[in-house]
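Hello,

Here is the model I promised to pass on.

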Amino acid sequence: MSEVAKELNLNIVNVLSESGSGFHTGRPVFNEMVEMILRGEADGIITWKLSRLSRNPDDAGKIMGMLQREEIRHIRTSDRHWFPEDNVVMMYVEFGMHNQYSRDLSVDLRRGLNQKASRGWFPNASVPIGYMHSPFKQLGDVEIINDKDRFDLMQFALKAVASGKLLPMEAFEEVKARGLKSRRGGNLSKSAWYSALTNTFYYGEFEYPKNSGIIHKGKHTPMISEAEFNHTQEILGRKGKPRPKKHFFSYTGLIKCSECGCSIIADPKTKIQQNGNIHHYIYYRCSKKRGNCSQKALEIKQFEKQVSDLLSRITLPQDFHEWAINELKNDQM
């Protein structure tokens, strides 16, 4: 593009480069470029493709608006010129194609990672120390293998802690003395070691996506058993195996179904969309332990509205109100 600038005898005010994806808004370098143009320090843009400027509709709209208002007087890409008097529909089309490509790519990537996790393979690029992605994997092969330089040392340390033979820091110092290094070749940090002690991956399970509560049974070789892992958590002062946070259901055990008299229970649901987005819902419904019941489940917002409407119709006698306040005050004395 420098050669293009020379051919057109253009004055280059500044060269800006941004590593962040054009699919996201709020890019600092993009915003800096826009501010320079608005301040009158530049009136044109040279870029390889329009996709280098933006692959999201917000920034694309900003560029097109500035071009039509002649705040930008010229955009030069590798294959064409863009001027204020040009038909903006073609720019809409090109920006739209780049945006849709990025969206499709993101959807495909998320779907692929979720499918990999469901097959039992940890999908993140960085696997816990002691393991590595197979460099020669073909379709259907084992995808995560033991790291021959670290697996045995990590397994020795984890089992030594679980059995009580070594305290966590004693095991840490022992494997450091035996030459255990991080994947980058540096010394293993204490934080990485304690993270390993609480990582369920080492006994064969992992959560994906993170904080989703979805647990997968891994196909990699475990270093320790689940019982050993749980004993390690007790040694660390943790309450057994760390598990995903459970919902606290405020209304369970308080309400009975008006039709059949069974308890109203919470029914959490998780929906994973094709684009990889995860949505969590909570429904309240009759447990139907006594047989069929015609009452339908209610999403929590509808359910709480009914509760709120009911409570708003309840009033307390003034005498009872004063008595309750006095009792509360006495409890605090």
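Is the crossing of α7 and α8 left-handed or right-handed? The crossing of α7 and α8 is right-handed; the term applies when the near helix is turned clockwise from the far one by less than a right angle, and left-handed when it is turned anticlockwise.

Before the rest, a word on the source. This is a predicted model, in which local features need pLDDT of at least 70 and side-chain atom pairs count only at pLDDT 80 or more, while totals for chains, interfaces and linings use all residues. Residues are numbered from 1 along each chain as its sequence is written, and side-chain values use heavy atoms, with hydrogens and water left out.

**The chain as a whole**

The protein chain has 11 helices and 10 strands; these are DSSP runs numbered from the N terminus, helices being H or I with at least four residues and strands E with at least two. Of the 333 residues in the protein chain, 33% are buried (under 20% relative accessible area; exposed is over 50% and partly exposed is in between, with a 1.4 Å probe and protein chains only). Among contacts with a separation of 6 or more, 53% come from residues 24 or more positions apart, where contact means heavy atoms within 4.5 Å.

**Helix packing around α8**

Two packed helices are described by the angle between their axes and the distance between the axes. Helix α7 (residues 168-177) packs against α8 at about 120°, with the axes 11 Å apart. Axes here are lines fitted to C-alpha atoms, for helices over the stretch in contact, and angles run from 0 to 180 degrees between N-to-C directions. The pair α7 and α8 is therefore oblique (under 35 degrees is roughly parallel, over 145 roughly antiparallel, 65 to 115 roughly perpendicular and the rest oblique). On the α7 side the contact uses Pro168, Met169, Ala171 and Phe172, and on the α8 side Lys190, Trp193, Tyr194 and Leu197. By class, the contact of α7 with α8 has seven nonpolar residues, no polar ones and one charged. For these classes, Ala, Val, Leu, Ile, Met, Phe, Trp, Tyr, Cys and Pro count as nonpolar, Asp, Glu, Lys and Arg as charged, and the others, Gly among them, as polar.

Helix α8 (residues 190-197) also meets α6: their axes come within 11 Å and cross at roughly 65°. That makes α6 and α8 roughly perpendicular to each other, and their crossing is right-handed. Met154, Ala157, Leu158 and Val161 of α6 touch Trp193, Ala196 and Leu197 of α8. This contact of α6 with α8 has seven nonpolar residues, with no polar and no charged ones.

**The α6 and α9 pair**

Helix α6 (residues 151-163) packs with helix α9 (residues 226-235) at an angle of about 65°, with the axes 8 Å apart. The crossing of α6 and α9 is left-handed. Leu158, Lys159, Val161 and Ala162 in α6 face Glu228, His231, Thr232 and Ile235 in α9 across the contact. By class, the contact of α6 with α9 has four nonpolar, two polar and two charged residues.

**Two buried residues**

His216 sits in strand β7 (residues 215-217) and counts as buried at 14% relative accessibility. Its side chain reaches the backbone oxygen of Tyr208 at 3.0 Å, and a polar atom of the His216 side chain lies 3.3 Å from the backbone oxygen of Ala117.

Cys286 is in strand β9 (residues 278-286) and is buried, with a relative accessible area of 3%. Leaving aside neighbours within four places in sequence, Cys286 is in contact with Cys257, Cys260, Cys262, Ser263, Ile264 and Cys293.

**Backbone details to check**

The peptide bond from Tyr208 to Pro209 is cis, with omega near -5°, and Pro209 is in the loop between β6 (205-207) and β7. Glu70 has a positive phi of about 65° although it is not a glycine; Glu70 lies in the loop between α4 (57-68) and β2 (74-76). Lys288, also not a glycine, has a positive phi of about 55° and is found in the loop between β9 and β10 (298-299).

Best wishes

Technical notes
A polar contact is a pair of N or O atoms within 3.5 Å; within protein, one must be able to donate a hydrogen and the other to accept it, and residues adjacent in sequence count only if both atoms are side-chain atoms.
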